[in-house]
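Here is a guided walk through one protein model, written for someone who likes to know the cut-offs. Open the structure beside the text and follow along.

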Amino acid sequence: MAEEGVEAEKFALKQELRWLLKEEAHATLDSIQRTLKECCKCFPLPIEGVNEGGDVPEHDVMVSPAQRLLLSGATSTSPSTMKCMVSLHGDSISQADIRFKHKEKGKDSQNYKTAILPDRVWKLQQIQDAANHLEQALQMVSFQQTDLTFTTPHQLLILLERLNKSVLACRHCLSIPKRKSLQELVFSKTREIFNPPIPQNVALSFYIHGSKVILAIYLLHMNGQQRMDVSQRLQMEAEVQWLKEAVILFSVASQQCQQLADKITTVCQCGGLDLKTQVA
């Protein structure tokens, strides 16, 4: 009787696995596709997607209009004189008006003021990188939604692993700051986009951190070894709603991938089923 019970449980688990591969897999992929398309709607760059039929490429979104942002001191202790107004258009910052005050040791306070030249922009590569990974993830899940039948757990798990890797790369691009090194900032051609020119003892850097656009200002000095060091770092920031929404949606899509993968793995382990065994 005990053996019959074990065999009955294995049979039930095999039936559940068959249902997961035939029904749940496509339902979950469809849900992930909808999540990614919602992200496309809030993204400010054209994303190469697919139509509802899943076979004809199209642009799901157009480039959004420029968004004016007021960046201010990141903490209550930041100088009240620190202000920066910028236009965020797609993956580019333009029309930046930067003002801040700094007091060097032994000197009176100095007011710094500069702006990005009218025909120049500061590229935020993090946004473009995230858009590229989003396009890749959307095309991957859309292709698999056609008439594909999963015959083994291994087949589905490989897809979910690849898809989740692309989704996490999207989130990583926005969540992890991509800061330029001090050396890059000091000698970068981006200094040429500002007018009046940035003083030699000042370096600026725009980047994305989660839901915020950050402006980091570095006050520099020469150390005893005649190398450039940072004497002070100031920061201004502004929250961007679409960035916040995008990070959340990427997290949701990743969870959807992982939950289905966990279900498949658990059923196989409990039923003693090989991942490469055909069950559908």
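The peptide bond leading from Asn195 into Pro196 is cis, with omega near 0°. In general, most peptide bonds are trans, and most residues other than glycine have a negative phi.

A word on the ground rules: this is a predicted model, in which local features need pLDDT of at least 70 and side-chain atom pairs count only at pLDDT 80 or more, while totals for chains, interfaces and linings use all residues. Residues are numbered from 1 along each chain as its sequence is written, and side-chain values use heavy atoms, with hydrogens and water left out.

Now for the wider view. The secondary structure of the protein chain comes to five helices and eleven strands. Of its 280 residues, 44% count as buried, where buried means under 20% relative accessible area, exposed over 50%, and partly exposed in between (1.4 Å probe, protein chains only). Among contacts (heavy atoms within 4.5 Å) between residues at least 6 apart in sequence, 64% join residues at least 24 apart.

Leaving aside neighbours within four places in sequence, Leu21 is in contact with several residues, among them Phe150, Pro153, Leu156, Ile264 and Val279. The C-alpha atoms of Leu21 and Leu260 are 10.0 Å apart, although 239 residues separate the two along the chain.

Move on to helix α2 (residues 125–144), where you will find Ser142. Ser142 is buried too, at 1% relative accessible area, and its side chain makes a polar contact with the side chain of Gln33 (2.9 Å). A polar contact here is a pair of N or O atoms within 3.5 Å; within protein, one must be able to donate a hydrogen and the other to accept it, and residues adjacent in sequence count only if both atoms are side-chain atoms.

What about the cysteines? The structure holds zero disulfides, a disulfide being a pair of cysteine sulfur atoms within 2.5 Å. For Cys39, the closest cysteine sulfur is in Cys42, 4.5 Å away, so the distance is too far for a bond. Cys39 is buried, with a relative accessible area of 1%.

Strand β5 (residues 92–103) holds Gln95, whose phi is near 50°, a positive value in a residue other than glycine. Gln95 is exposed, with a relative accessible area of 51%.

On a 1 Å grid over the protein atoms alone, a cavity is a set of points where a 1.4 Å probe fits but cannot get out, and a pocket is an open set with protein on both sides within 12 Å along at least five of seven lines; lining residues have an atom within 4 Å of a point. The largest pocket has a volume of about 250 Å³, and β7 (122–123), α2 and β9 (202–209) each give two or more residues to its lining. The structure also holds one cavity of 30 Å³ or more, lined by residues including Trp122, Arg191, Phe194 and Leu204.

Definitions and conventions:
Points joined across faces, edges and corners; volume = space filled by probe spheres on them. Helix = DSSP H or I, 4+ residues; strand = E, 2+ residues; numbered from the N terminus.
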